[in-house]
Structures are given as C-alpha cells and as structure tokens.
Amino acid sequence: MIQTELTLNILKAAHPGIEFLPVTVTTSGDADQRAPLAGMGLGVFVKEIEYRLEKGEIDMAVHSLKDMPTALPDGMCIGAVLERADPRDVFVSHLGTTLGDFPEGKRIGTSSPRRKAQLARRRPDLEIVPIRGNVDTRLRKAAGEECDGTIAAAAGLIRMGLEDVITEYLPTTEFVPPPGQGAMAVEIREGDDWMHKIVLAANHCDTEASVAAERGFLEALGGGCQTPVGAYAQTVSTNLDDLALTVFLSSTDGATAFRATVVGAKGAPAELAAAAWNDLRQQGAGSLLASS
C-alpha cells in the first residue's frame, strides 16, 4: 500500500485531472505465511493482481519488481519502472551488533535462498532459520521471539520509516541483491496505449536500464531458476552511458559460489546480461544449474 501511494503521488502530480482509486488485493504469497517461498513457485505476490488486471477490474498494478517473474503473462507488460530506492540488504538485530560481531551460534532468520547462501559464506557459525511474514511480523520474530536477527531489504524498511531498526547496511559486493531489489514496477495491459502514456510519467530511465540488465541475467539462467542468485547493475561514475553489472550464483548451502562484474553499454542491457552469464559459465557455474 505504501508503494502504491508513492506511485500514485507521482502520477497525480503529472495528471491532476485524472482520479486514481487504489484497490487492495491479497495474494497467495501474503495469505500463506507458513509455506517456504522457494516452494511456492514464481509470482506468488503478483498472480492474483494480474488476474484482476487481465479481467479489466483494475487498470494498473504496482509491484516490487523483484517479485515479478521475468516472463510476464500474455497480454501484460511493464509500463514504468520507478526510480530505485536503496538496493542493499541490511542486517537487523535487537542485540545491536553488526553481522561481523553477531555472537557465534546465534539464530538468524531468513527465507531467501540467496540470503541463506550469502550468510553461510560470511558467517558459517550461525544457525539460519526460516521466517515468513510482512515486515512487522519478521521484525517481531527477529527480536528474540524466533531468532536474534534477520536480513531485510533496505528499501522496504526505509519506505516504512523504520530506518532506526537497521543495524548495518550490507555491501552489494558481498550481499549481491536479487534482480530488481529496491525498484517498483507498474504493470499494465499490453496494447493499452492510453494507460501507458499515463504511467510513463513515473518511469526512471536509468533504473529501467539497470533492472533490464539484472532481469536479463535471471532470464539467461532460465527465468525460473531456484538456485541462489543475485544481480545488481548501476551506472558507471566515469562513463554515464555504461552500466556495471555484478552477478552472483551459488549452491544452496553457499559452499560453491561464483560472481563476476562486467561493464557494458546502458542501451544494451541484454548483451550485458549475456556477458555476465558467459563469465560465470567460464568459471564453471553451469554445473550449479545442471544440479538444481
């Protein structure tokens, strides 16, 4: 709802003569707080919303881009990608320590295969336990109820005004974010030119290019890849026409991991994604997909 409000604020300012009416939809990912996310399939946070969009019950849908499969349903497209918020993962603990100083053997909660793998590599001495729920629920569980810390997306906490609970911002070089983290997307019906013109006011070109490279990498892996994967692209400071794409792929236990950073033209995100995947394949990462 916060993400929808942020999006509508931009659209209302750009189109003062148009009335926007928010519609709340509960998805299977929201409703089922117990099943592991990795086993619930792709699009668990978007399918029901897309159904409403397809039926014409709503005209646009606001999603966390990282929740969206790379292959959208027939008749759907991304009409706008908003400017990205902080893409980093953060460490949250009521003990007030950094991840490096977190006491040995303590429990840390996450249901993300990527975060599990990256945590296992950074702190193999910790016990990683699954936790599900919205942000408030996970923070409560990580405050000693089920564990003593968790890894979360910085963007979600910042949007909710919860920066004060963040113990440490984790570097993207070590905790490579998932494709699209921190970005919001507006999904519309393909061919709805009028709606596309409306939502285009919210589009941020640099973010659009970055997430296209990240999602292109995920698509190169097969789109439905359940192997722990990260991809983060950002504009190169010395050449604003280029993107640097950092990618991460590992075994579920984090014991075997590959990463690479490639640089390429911002206007050719597909080629950049292909170059990143080719780099990992040359390192031997293809064996992870074969065994997954």
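Let me start with how helix H8 and helix H9, residues 269-283, lie against each other in this predicted model: they pack at an angle of about 45°, and their axes are 8 Å apart.

Which residues of H8 and H9 meet? On the H8 side they are Ala 209, Ala 212, Ala 213, Gly 216, Phe 217, Ala 220 and Leu 221, and on the H9 side they are Pro 269, Leu 272, Ala 273, Ala 276, Trp 277 and Leu 280. Sorted by class, this contact of H8 with H9 holds 12 nonpolar residues and one polar residue, with no charged ones.

Now to the second largest pocket, whose volume is about 180 Å³. Helix H8, which spans 205-221, and strand E9, which spans 229-236, are the elements that give two or more residues to its lining, and E9 gives the most, with four residues. The lining includes Asp 206, Thr 207 and Ser 210, as well as Tyr 232, Ala 233, Gln 234 and Thr 235, and Glu 83, Arg 84, Pro 87 and His 204 line the pocket too. By class, the lining residues of this second largest pocket divide into three nonpolar, five polar and three charged.

Definitions and conventions: Residues numbered from 1 in each chain as written. Predicted model: local features only at pLDDT ≥ 70, side-chain atom pairs only at ≥ 80, totals over all residues. Heavy atoms only, no water. 1 Å grid on protein atoms, 1.4 Å probe; cavity = no way out; pocket = protein on both sides within 12 Å on 5 of 7 lines; lining within 4 Å. Points joined across faces, edges and corners; volume = space filled by probe spheres on them. Nonpolar A, V, L, I, M, F, W, Y, C, P; charged D, E, K, R; others polar. Axes fitted to C-alpha atoms, helices over the stretch in contact; angles between N-to-C directions. Contact = heavy atoms within 4.5 Å.
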